[in-house]
Amino acid sequence: MTMPETSATTAGTVGGSVGGAAGAEVLRPHAEDAFADELAALAAADDRPRPPRWRLSPWAVATYLLGGTLPDGTVVTPKYVGPRRIIEVAVTTLATDRALLLLGVPGTAKTWVSEHLAAAVSGDSTLLVQGTAGTPEEAIRYGWNYAQLLANGPSRDALVSSPVMRAMAEGMTARVEELTRIPADVQDSLITILSEKTLPVPELGQEIQAVRGFNVIATANDRDRGINDLSSALRRRFNTVVLPLPATADAEVDIVSRRVDQIGRSLDLPGGLEGIAEIRRVVTVFRELRDGVTADGRTKLKSPSGTLSTAEAISVVTNGLALAAHFGDGVLRPGDVASGILGAVVRDPAADRVIWQEYVETVVRERDGWKDFYRACREVSA
């Protein structure tokens with residue numbers, strides 16, 4: 001989650017990442033660069049068996065994700081706050097020949113977990129296929145350098161490897177984001193890769209065989225069912241791990257606080273931990289509207305159309321910190337987060353605005369210690 005900065009170099013590309021990927025000019029270093037010190041310390045302390053071509057043992061990968069203190073005193077920061085068993089099952093899946101599907105509602109850290117798993121297992125989180133409605137089959141299989149193809153015909157030199165093909169050849173972990181956003185016929189190009197561990201190249205009369213260490217981590221939003229559902233044949237190739245929303249308000253406040261503090265430091269914003277009261281308020285509002293009931297269980301609420309995820313709470317608080325830094329006194333206050341909450345809640349201007357106004361008048365107005373927040377909400381909702 002943190003983004004340390006050690007170099008200002010940004011020219012050149014190596015292994016899919018910008019040169020000096022943890023550099024001072026890089027807005028978001030890859031996980032393997034941002035947490036290079038932790039990964040190195042884990043590798044040095046790790047004396048447990050490692051699967052072929054893994055940088056760390058399964059125990060060390062889980063420690064990297066969940067956090068802990070090493071024998072030499074190195075503190076490994078938690079990348080995921082949630083049930084330990086979820087991470088253990090995910091890591092164990094990658095140590096077998098089954099691919100891993102991380103499933104959950106938006107904002108449950110699927111992409112975040114995917115990136116850090118790949119960084120810890122392979123030392124490279126950049127072998128990525130970003131799923132969209134326009135993702136072509138070439139993004140998963142391979143493409144061609146058409147200048148060489150027209151000049152010399154099909155050859156290995158003319159073939160352009162996809163991230164998945166590279167991962168197969170090098171025994172690494174490939175990532176496929178938003179799998180259910182990809183058209184169904186393109187999704188199914190993964191079936192042979194995952195079942196036979198081969199990628200036929202009929203134009204050359206050859207095939208690429210995966211070497212040990214190869215695997216795939218895919219993510220999918222379970223609210224996208226019906227867009228491009230996975231075929232039963234493809235789903236069988238995955239072990240599915242569901243990432244839940246934070247179980248308690250305290251857990252969600254902890255996640256938001258950590259992430260906001262880290263993002264804030266990378267953007268030179270005031271410390272997010274100084275605004276813990278407003279962070280807790282944002283989390284409370286999101287959880288109550290998401291659950292359809294107030295925290296004390298006394299008042300039923302209507303839920304808006306948005307997801308009001310932890311990721312959105314992080315965004316609201318980060319934007320509030322920026323407002324406080326550039327147009328306030330540097331301290332996060334109710335007025336800094338009110339507009340962000342309004343934008344997150346009111347996605348459908350007709351229905352959601354009524355739900356929000358009802359919540360403000362029946363819950364926020366009557367809650368002790370929330371008078372400033374109530375006034376800020378009234379001001380931005382006017």
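Which residue in β12 is the bridge partner of Gly 104? It is Asn 221.

This is a predicted model, in which local features need pLDDT of at least 70, side-chain atom pairs count only at pLDDT 80 or more, and totals for chains, interfaces and linings use all residues. Residues are numbered from 1 along each chain as its sequence is written, and side-chain values use heavy atoms, without hydrogens and water.

**Strand β12**

Helices (H or I, at least four residues) and strands (E, at least two) are DSSP runs, numbered from the N terminus. Strands pair if DSSP finds at least two bridges between them.

| Strand | Residues | Sense with β12 | Bridges |
|---|---|---|---|
| β5 | residues 99-104 | parallel | 5 bridges |
| β9 | residues 173-177 | parallel | 4 bridges |

Arg 175 stands opposite Ile 217 of β12. Asn 215, Ile 217, Thr 219 and Asn 221 point one way. Val 216, Ala 218 and Ala 220 point the other way.

**Helices α3 and α5**

α3 (residues 58-66) and α5 (residues 110-122) pack at about 140°, with axes 10 Å apart. Axes are lines fitted to C-alpha atoms, for helices over the stretch in contact, and angles run from 0 to 180 degrees between N-to-C directions. From α3, Val 61, Tyr 64 and Leu 65 make the contact (heavy atoms within 4.5 Å). From α5 come Val 113, His 116, Leu 117, Ala 120 and Val 121.

Definitions and conventions
Buried < 20%, exposed > 50% of the residue type's maximum accessible area, 1.4 Å probe, protein only.
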